[in-house]
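Subject: Structure handover

Hello,

Please find the structure below. My notes on it follow.

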Amino acid sequence: MSSMTRRQFLAYSAAAGALAVLPTLPLSRGTVLAAPDKAATIRAGMRTIEVNGRSAQVFGLQQPDGSHGLVTEAGRRFRARLENDTDEKTLIHWHGLTPPFEQDGVPELSQPLLPPGEAYDYDFPLERSGTHWMHSHEGLQEQRLMAAPLIVRDPEEAGDDVQEVVVMLHDFTFRDPEEILADLARHGHGNGHGNGHGNGHGNGHGNGHGNGHGNGHGNGHGNGHAGVHLHDVDYDAFLANDRTLADPEVFRVERGGRVRLRLINAATATNFRIDLNGMEGRLIAVDGMPIEPVVGHQFEMAIAQRLDILMDLPSEEGAWPVFAVREGERARTGFVLATPNGEVRRLAEYAEHAVEAVGLDLETRLQAANPLERREPDRRHTLRFSEASGYTWEINGAVFGEHQPLNANPGERVEITFIDDTTMAHPMHLHGHHFQVVAVNGQRFSGAMRDTVLVPARGRVTIAFDAINPGRWALHCHHLYHMAGGMMTTLEYGA
């Protein structure tokens, strides 16, 4: 099914008379706003997708008409009714939004779990536009695709002649996630990755953990160096809007048109490199927050991060694939931008060469369009990451539930320095706030505003934010299995 251009959308909406009466198309086409005068209904339910010729039962977050996720507009209120049509308890986090903490969707921290057959109502102001997403914060449901886009448009951009393309990336497995986590706890985080790479590293960790990592990882991926590795979970496929490159989604675009890619890394354990396949793009926002544009052909994208990329298409007929390649490997997924008569050819599911690991090369080049005002921090925290046997991931020597909360008072400027003493990178996500990246490995700079930043193995990153949203907020690694292994703490406001 083809997508609508901005010109077509404006003409259509004028003829229809109101956005609220437009027929709803799938969210990836980005054509319809939620009605401003009533709550949207988002149902957590089951659906069937096909991956590599096999059917799979997965979760979904859909509106009653089948739309996946939600498109709305800044300046409105976020009004949504979450209905649980599954047979499991669940709860959805509005990733990138800054609601009152009681509506943040973290089990027991902000709300009780939502039982099957019941519903919660959400209502809070939307102050900022941006590319965001929604996902389960219960157990390992996110691995089973309990996630969807959440796009907040800027009303001032409504007249722009730009076609919007929304793409959500996933790493997919037919295995039970609980089985994966149990295997990681038994064998260490190198399970199933070939042999080699880790002999020196393994010896440094003790027999149980070290041998699991040393023997499990290495030649199968051919990346990293002694003491550092990239992956601890094998996947059956990588998906872009639930599809592989064997049958990618094709977005029909105008010749010579401008496209805004809204890319969401909803993978649970995979960082990607976005490859525009020789085309040039302008990165204009990260995690929904505007930046000074960065021009490039490839862009790093850690777990839970979002990228907004503007592309000006050639004036001739054609088809242009966009790939997301798993870091350190050749495996990839993607989608295609094609003109009405552009020929879409079969795409290889593996890149010709393995791509480099995702790090902070791009991060250090980013500058916020609207940075924090300069001021000295009122409070500084240091969080040091460590790992222990049994696939245990700790912050300041403790797992979640045994942690010491971070403190802040309303109005304070807070800095947090993350120090990663572990063998893996960690995408750190702070709920309820946007922060600015202000230092990498001790080097200060005025970086991007974000809600998720990658902290590389053996690396150090400092963020700063203003404490303007009181509550009890989760701060955690967004690698799902690391979080399940204990890698979460809280930020809690005092009087």
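Rings of Phe, Tyr and Trp (its six-membered ring) count as a pair if their centres lie within 6.5 Å. The structure holds 10 such aromatic pairs. Phe 78, Trp 94, Tyr 122 and Phe 124 form one aromatic cluster.

This is a predicted model, so local features need pLDDT of at least 70 and side-chain atom pairs pLDDT 80 or more, while totals for chains, interfaces and linings use all residues. Residues are numbered from 1 along each chain as its sequence is written, and side-chain values use heavy atoms, without hydrogens and water.

Two arginines sit over rings (CZ of Arg, or NZ of Lys, within 6 Å of the ring centre and within 35 degrees of the ring normal). Arg 54 lies over the face of Phe 174, at 3.7 Å from the ring centre. Arg 332 lies over Phe 323, also at 3.7 Å.

Now the largest pocket. A pocket is an open set of points on a 1 Å grid over the protein atoms alone, where a 1.4 Å probe fits, with protein on both sides within 12 Å along at least five of seven lines. Its volume, the space filled by probe spheres set on the points, is about 570 Å³. The lining (residues with an atom within 4 Å of a point) has 21 residues. Glu 127, Arg 128, Met 289, His 434 and Ile 468 lie nearest the centre. Strands β6 (119–125) and β15 (289–296), DSSP E runs of at least two residues, each supply at least two lining residues.

Last, Leu 33. The C-alpha atoms of Leu 33 and Val 152 are separated by 9.1 Å, though 119 residues apart along the chain.

Best wishes

Key:
Helices (H or I, at least four residues) and strands (E, at least two) are DSSP runs, numbered from the N terminus. Rings of Phe, Tyr and Trp (its six-membered ring) pair if their centres lie within 6.5 Å; planes under 30 degrees apart count as stacked, over 60 as edge-to-face and the rest as tilted.
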